[in-house]
Amino acid sequence: MRRSPPVLKLNTLRPSSTPFLGLENIGKRFGGTIALEGIDWSVQAGEVHCLVGENGSGKSTLIKIIAGVLAPEKGGRIIVEGLVHDHLDPPLAKKLGIQVIYQDLSLFPNLSVLENIAIDHELGAPTGLIDKKAMLVSAETVLASLDAHLPLGVRVGQLSVAQRQIVAICRGLASNARLLFMDEPTSSLTRHEVELLLAVVRRLKKLGVAVVFVSHRLEEVVELAERITVLRDGRKVATLPVSEVNDQRLAELMTGSRFENSVPAHHLKDRPPALAARRATRSGEFIDVTFTLHAGEVLGLTGLLGAGRTELALALFGMSMLERGELLFDGAPLRLRSNRDAIAAGIAYVPEDRLRLGLNLRQSIADNVSIGVLDRLLDRTGLVPPGRRSGLAREWVSRLGIIAANVAAAVQTLSGGNQQRVVLAKWLATKPKVLILDSPTVGVDIRNKHGIYEVIRKLAKDGVAILLISDEIPEVFFNCDRVLHMREGHLAGEFIPGEPSEEALTEAVFA
Amino acid sequence: MTDEAPLTIMCSRRALHASLDRLVAALRASGSNLVGLLLLLGGLTVFFAMLLPGTFLRVATLQAMMFQLPELGLLSLAMAIPLISGGLNLAIIATANQAALLMAWILTTQMPHEASGGLLALWIATALAAGFLLCFAIGILSGVMVAVMGVHPILVTLGTQTLVGGISIWLTHGRTLSGFPEPLLRVSNETFFGIPISFIVLAAVAVVVQVLLTRTPLGIRIHMIGSNLEATRFAGVDTRRVQIWVYVLSSLLCWLAAIIMMARFNSAGANIAQSYLLITILAAILGGIDPYGGFGRIDGLVLSLAILQMISSGFNLLGFSEHLTLALWGVTLLAVMSVKRLAATIQVSRFRSSRDQRKHHA
Amino acid sequence: MRRCTNPIAFLFRRTETALAAVIIVVSAVFSLASPYFLTLSNATDLIEANSVTTILAAGVFVVLVSGGIDISFAAVASVTQYVAALMATRYDWPVLPTVGLACALGVTLGIINALLTYYLRVVSIIVTIATSSIYYATLIYVTGGTEIYNLPDWWTNRIIFFQTKTASGDVARITLPMLIMVAVVLMTHLLMTRTRAGRQIYAFGGNPEAASRIGIKILPLQMHVYGYLGFLAGLAGFVQAHRVHQAVPTAMFGTELNVVAVAILGGASLVGGVGSMGGVILGVLLLAILQNGLNLLGVSYFFGVVVGLTILISISVTGYAEQRISLRRRPETS
């Protein structure tokens with residue numbers, strides 16, 4: 001039996017009194033735990049709405065309920081275009097027009113753009129030939145409605161992240177999405193690509209499609225969203241128009257407490273140089289970078305995506321080779337053939353992708369912390385007694401305030417903030433002289449963020465040279481002695497926090 | 001959409017089916033696995049004793065088991081190390097056979113028949129050294145292909161197996177070589193206080209491998225590579241060197257197995273012991289080695305080998321043919337995996353409810 | 001920021017063209033070495049001799065695209081062949097029910113593989129090592145390894161659909177195994193490129209998590225995939241008995257590696273989601289030519305070595321290229 005191809009419905013804007021999606025008294029319990037309680041929420045057709053909340057706030061549970069993956073407790077109502085449901089299931093949610101674009105985009109890299117967009121035509125009964133014509137019509141219609149241009153025959157694996165995002169959005173539209181959830185949509189995009197995404201979102205709005213996205217980047221939230229909803233501990237704390245929100249207010253709403261940010265009072269150019277780069281160049285990544293990082297200094301490195309910050313950090317860590325220029329350590333030239341040379345010299349690098357590159361999730365805390373220093377734990381017979389590894393782990397657990405019952409517990413059982421501390425412990429155990437931190441507080445809730453900042457400050461006081469790479473301006477502004485700004489591979493400027501204001505710095509970076 | 005521990009892109013095939021299992025493997029105390037195996041061993045002893053009154057519970061039976069176990073034990077160790085590193089070595093049988101053939105060739109065609117005393121010892125030593133070097137070379141080849149070329153271990157060892165097996169067939173045209181000097185045969189046939197020398201060799205090797213895997217930096221790194229290669233490399237471990245070592249060690253264990261096989265069967269050929277492949281995998285999984293890598297203990301492996309050998313001897317005494325036995329091994333492997341799956345499902349639901357308790361407090 | 005170049009398409013194109021190039025070179029070498037090589041009769045013999053391998057390779061190809069691997073097909077083919085032969089000889093079953101039984105039994109055994117892989121949550125290679133041993137060993141145990149040699153005529157009579165003789169006395173034939181092989185190849189190709197099920201298999205192989213998120217159900221898909229291989233194994237066993245005029249339980253033992261090797265040579269990957277029937281055909285052709293050439297040169301025992309080397313070289317090249325591409329792509333953000 002042939003499925004008829006889904007028809008793309010283009011709506012006009014509805015009057016704002018009838019929301020597309022309404023939630024009344026939505027709650028969710030897991031055993032004895034309350035994940036959500038008393039959520040009343042609404043999203044208008046064609047609205048761009050941002051959902052924020054810390055880990056554990058319940059935002060992913062909420063999205064799962066709306067997408068039909070979970071059912072809410074009795075008494076909760078989900079109202080889609082006026083029709084009341086007490087729960088949804090994934091096929092029904094999809095039919096009603098609710099689609100979720102996960103952070104990994106859930107695309108098929110080995111299939112073409114056309115097939116990815118029109119995948120719905122290929123689903124359904126296992127028998128039956130594919131209808132290429134219908135697929136083409138559907139894909140071209142959708143692309144045209146977004147004023148986007150993509151080569152239909154190319155495999156998705158060959159596209160850039162921004163292009164893949166468009167494919168994911170198109171797929172949603174081709175399946176008649178009326179409400180699109182997007183998880184951290186801007187996290188891998190360059191400035192230019194964010195502009196393009198903005199344009200696409202505006203067109204979605206014109207088509208009457210509502211977009212709810214989860215993000216923590218205030219600058220982009222402000223640009224894209226009309227309203228923000230904050231969740232905390234399973235409850236909705238506020239829904240505000242975006243104009244009423246700033247960084248501090250957001251942090252307060254998300255955590256329920258005030259955090260005072262103060263600018264560190266000094267800079268330390270008279271300290272000895274620890275790590276320096278002279279005209280470091282890797283074509284296509286960074287060009288002619290010259291800077292000096294001093295012992296005891298916290299040097300910030302910021303810039304937009306595409307600036308080359310992580311690429312530079314990887315070269316400093318020995319994971320890639322410089323094509324021109326040189327590195328200096330303690331004033332003497334440093335040749336790195338691999339990251340092992342860098343570690344031996346005393347350079348440590350905490351990667352941005354904590355889960356994939358920073359941790360061995362299934363292994364214990366003790367295993368993770370000791371992995372870099374096994375050769376230093378040998379006893380007289382040349383073996384590593386198990387007690388030494390757990391002893392080392394316990395030492396760091398207390399020094400960094402990691403909350404864990406037992407160092408033999410697997411790291412994946414810890415929360416995000418504690419996991420990041422384990423990564424830090426691993427690197428600090430190597431007793432580095434230079435610590436490079438790449439976006440160390442991504443995915444860490446605000447409370448733990450400040451805990452990590454304190455650790456950084458203490459390390460600097462102990463004489464460790466720290467390079468803090470981040471794209472959150474407040475993070476570098478309030479934690480660094482100096483801030484370097486990279487743009488498109490070049491060092492574009494150096495700032496001393498306090499001298500320009502935070503707004504001025506933001507403007508300079510985002511200009 | 002993320003909860004407490006956000007999951008990034010996991011494009012590996014395993015991730016889809018195994019995310020729950022990873023959780024459980026991390027939680028499962030290895031002690032409980034050992035206890036389970038000990039209970040199983042005890043239960044089987046009782047079972048066979050009842051089934052074969054008078055014939056099973058004899059010293060001779062135990063001795064027979066100790067004679068038969070060593071080559072399987074060494075091959076299982078050869079399979080276990082790559083498994084823990086997250087790979088697989090399908091070429092262990094072919095490697096052992098090829099080594100045996102090389103050593104046999106030297107001892108039967110090159111060595112003069114009248115050689116005795118010191119000269120004999122020299123010839124035997126030469127043959128053994130040749131076998132060692134061959135296994136070393138095979139190990140390096142496999143290791144380099146996995147580590148440096150980045151090829152999947154299944155493919156590499158399939159290719160190596162074909163190549164090595166092909167060389168064996170080419171050189172022997174399918175014939176077997178036999179008639180080895182007596183001192184070599186003594187390795188399997190002689191006993192020391194009633195315990196066969198080959199068994200003592202197995203026990204010693206097992207202890208060495210256990211210490212290697214749990215107490216040396218190399219062994220710890222093997223475990224870590226098995227659970228996350230990229231993160232381990234980032235942490236400064238020379239993953240290429242470790243992976244090469246994995247396959248070299250595996251192949252060298254095949255060399256030891258080859259010596260034992262030659263001593264026990266007094267012959268070497270291209271097609272000996274093919275069915276062992278399944279049994280070594282079975283022994284590894286039953287013994288608690290995670291087929292996805294990263295976890296596994298040799299003490300569990302030893303216990304599971306004891307169990308399997310007991311079953312094998314029991315089948316033997318019951319008069320089962322080797323084919324029926326092989327079919328039953330397949331069924332046993334599936335049964336073991338089913339039991340583990342059931343246990344895992346129960347543990348996961350227990351973990352989930354305790355995690356939700358903690359989420360409330362986080 | 002670096003843009004991704006075209007790694008996958010480039011590589012993919014390269015596999016098939018590289019294979020074709022190698023085939024041409026090897027054929028040239030052999031034709032110089034032996035006058036008998038480049039003859040029609042040799043060619044048709046070669047194709048027919050590899051018909052069983054090709055049929056099996058088509059099924060293995062489908063399983064590989066879905067991201068799994070199955071090495072029990074030889075055992076399945078042996079079992080179904082024997083059962084069918086038993087029915088045909090002892091109970092005088094005619095052709096259609098016999099073939100039907102062989103294929104149905106093959107599908108069943110394949111589906112068992114799918115069920116075990118799914119419910120036990122263990123890698124398919126281990127599951128199929130287990131089932132392969134079970135099927136094989138049970139067969140040998142029950143039959144004692146004896147062959148059935150009094151197959152009915154409809155099974156063993158050589159069916160020639162077309163035959164020509166050139167002026168020089170060279171004969172070319174198109175026989176039943178060849179036709180079945182061509183039919184299987186075409187059917188598999190169409191199934192994988194033109195039907196919904198086929199595209200879902202590619203999707204699942206490319207990103208299994210995304211596939212289940214958009215609603216592709218894993219278990220039915222795997223049952224189709226492994227069942228298809230089982231079906232082809234039943235067919236292959238039937239053709240095998242047709243060619244050698246006997247049902248020999250041990251005939252296909254040890255052929256698993258060759259079949260998997262040709263599928264991998266042809267571009268399918270253990271990771272899943274890639275591969276084409278065209279590549280598989282080229283893989284079969286390469287190994288067939290190598291074996292044929294070595295036979296003609298009188299060094300047939302060398303075949304294993306050659307196959308092993310070919311596999312190792314080809315996977316090294318592929319693996320190394322893939323690794324270099326993924327390394328270049330690594331710094332993805334900022």
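**Exercise 1.** In which helix of chain C is the place of C:Asn292? State whether C:Asn292 is buried or exposed.

*Solution.* The structure is a predicted model, in which local features need pLDDT of at least 70, side-chain atom pairs count only at pLDDT 80 or more, and totals for chains, interfaces and linings use all residues. Residues are numbered from 1 along each chain as its sequence is written, while chains are lettered from A and ligands numbered from 1 in the order in which they are written.

Step 1. C:Asn292 lies in helix H13 of chain C, residues 277-296. Helices (H or I, at least four residues) and strands (E, at least two) are DSSP runs, numbered from the N terminus.

Step 2. A residue is buried if 20 or more other C-beta atoms, placed from the backbone, lie within 10 Å of its own, exposed if 12 or fewer, and partly exposed in between. C:Asn292 has 23 C-beta neighbours inside 10 Å and therefore counts as buried.

Step 3. C:Leu46 is 246 residues away from C:Asn292 along the chain, yet their C-alpha atoms are separated by 7.0 Å.

**Exercise 2.** Describe how H5(B) and H6(B) pack.

*Solution.* Step 1. Helix H5 (residues 117-147) and helix H6 (residues 153-172) of chain B have axes 9 Å apart, at an angle of about 150°. Axes are lines fitted to C-alpha atoms, for helices over the stretch in contact, and angles run from 0 to 180 degrees between N-to-C directions.

Step 1. H5(B) and H6(B) are therefore roughly antiparallel (under 35 degrees is roughly parallel, over 145 roughly antiparallel, 65 to 115 roughly perpendicular, the rest oblique).

Step 2. Contact means C-beta atoms, placed from the backbone, within 7 Å. From H5(B) the contact includes B:Ile138 and B:Leu141, and from H6(B) it includes B:Val156 and B:Val164.

Step 3. The contact residues of H5(B) with H6(B) are seven nonpolar, three polar and no charged (Ala, Val, Leu, Ile, Met, Phe, Trp, Tyr, Cys and Pro count as nonpolar, Asp, Glu, Lys and Arg as charged, the others, Gly among them, as polar).

**Exercise 3.** Which helix gives the most to the side of chain C that touches chain B?

*Solution.* Step 1. The contact takes 43 residues from chain C and 42 residues from chain B.

Step 1. Helices of chain C that each supply at least two residues include H5 (95-120) and H14 (303-328). H14(C) gives the most, with 14 residues.

Step 2. The side of chain C that touches chain B divides into 29 nonpolar, 11 polar and three charged residues.

**Exercise 4.** How many residues of helix H12 of chain B are buried?

*Solution.* Step 1. In H12(B) (residues 276-286), 11 of the 11 residues are buried, so the helix is largely enclosed by the rest of the structure.

Step 1. B:Gly288 follows H12(B), and its phi is positive, near 95°.

Step 2. For chain B as a whole, 50% of the 362 residues count as buried, and the secondary structure comes to 14 helices and four strands.

Methods:
Two residues are in contact if their C-beta atoms, placed from the backbone, lie within 7 Å.
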